[in-house]
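Q: I would like a close look at a single part of this structure, taken slowly and with the cut-offs spelled out.

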Amino acid sequence: MIEDRSDKWEKEYLSELPNYQKFEQTLRVLIETLLKKEGLSVQVSSRTKSPASFREKIERKFQEGKSYDNPLNDITDIVGIRIIAYYLNDIDKIDYIIKKEFNIDEKNSLDKSALLGIDQFGYKSVHYIVSISEPRLELTEWIEFGNYKAEIQIRTILQHAWAEIDHEIRYKKDE
């Protein structure tokens, strides 16, 4: 049953994949331009979820007792942008730019550092689920992206190093 639905959604995703990839590239260039304009020296990377990863997420959520009505609308991280700052004080500047330039889905966005106590060490990163703001959607080159969402992760380079280790421990190990 889940395999049939997964097949259906994976086929639909494959047909939309070039549009998501175009959105990823266009969004990345915009973010790089906005941050450079403010004089911020950061690393920006991006990705569009692979078809296998898209399918795996649908099936993993199903195994957890959750399901999507429409994964193309419900999965909020099909496109992901990661901004890595060198300095902690740049995070607030980046936050301000993201909040000013995009619509933020507050319900699905998360400041992971808020989950830790002051005396705790762990995964720290700000994750925003964003869509294109109305003023930008009036521009011809952005109209086609009106229904797309992306996850933007913001962290320092040291937080990124820990996140890579944490991800390996949580998601990649069988033990």
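What is the relative accessibility of Glu10, and does this residue count as buried or exposed?

A: Glu10 has a relative accessibility of 19% and therefore counts as buried, where buried means under 20% relative accessible area, exposed means over 50%, and partly exposed lies in between (1.4 Å probe, protein chains only). Before going further, please keep in mind that this is a predicted model, in which local features need pLDDT of at least 70 and side-chain atom pairs count only at pLDDT 80 or more, while totals for chains, interfaces and linings use all residues. Residues are numbered from 1 along each chain as its sequence is written, and side-chain values use heavy atoms, with hydrogens and water left out.

The side chain of Glu10 meets that of Arg55 in a salt bridge, with 2.8 Å from N to O; the term stands for a side-chain nitrogen of Lys or Arg within 4 Å of a carboxyl oxygen of Asp or Glu. This pair links distant parts of the chain, since Glu10 sits in helix H1 and Arg55 in helix H2, 45 residues apart. Helices here are DSSP runs (H or I, at least four residues), numbered from the N terminus.

Arg55 also forms a salt bridge with Asp7, at 2.6 Å from N to O. Because Asp7 lies in helix H1 (residues 2-37) and Arg55 in helix H2 (residues 51-63), this pair ties together parts that are 48 residues apart in sequence. Arg55 itself counts as buried, at 17% relative accessibility, whereas Asp7 is partly exposed, with a relative accessible area of 34%. Asp7, Glu10 and Arg55 belong, together with Glu59, to a network of salt bridges.

Helix H1 also holds Leu14, which is partly exposed at 44% relative accessibility. The C-alpha atom of Leu14 is separated by 6.7 Å from that of Pro51, although the two residues are 37 residues apart along the chain.

To set this part in context, a search of the whole structure finds twelve salt bridges. Asp90 is buried, at 9% relative accessibility, while Lys93 is partly exposed, at 45%.

Conventions: Helices (H or I, at least four residues) and strands (E, at least two) are DSSP runs, numbered from the N terminus.
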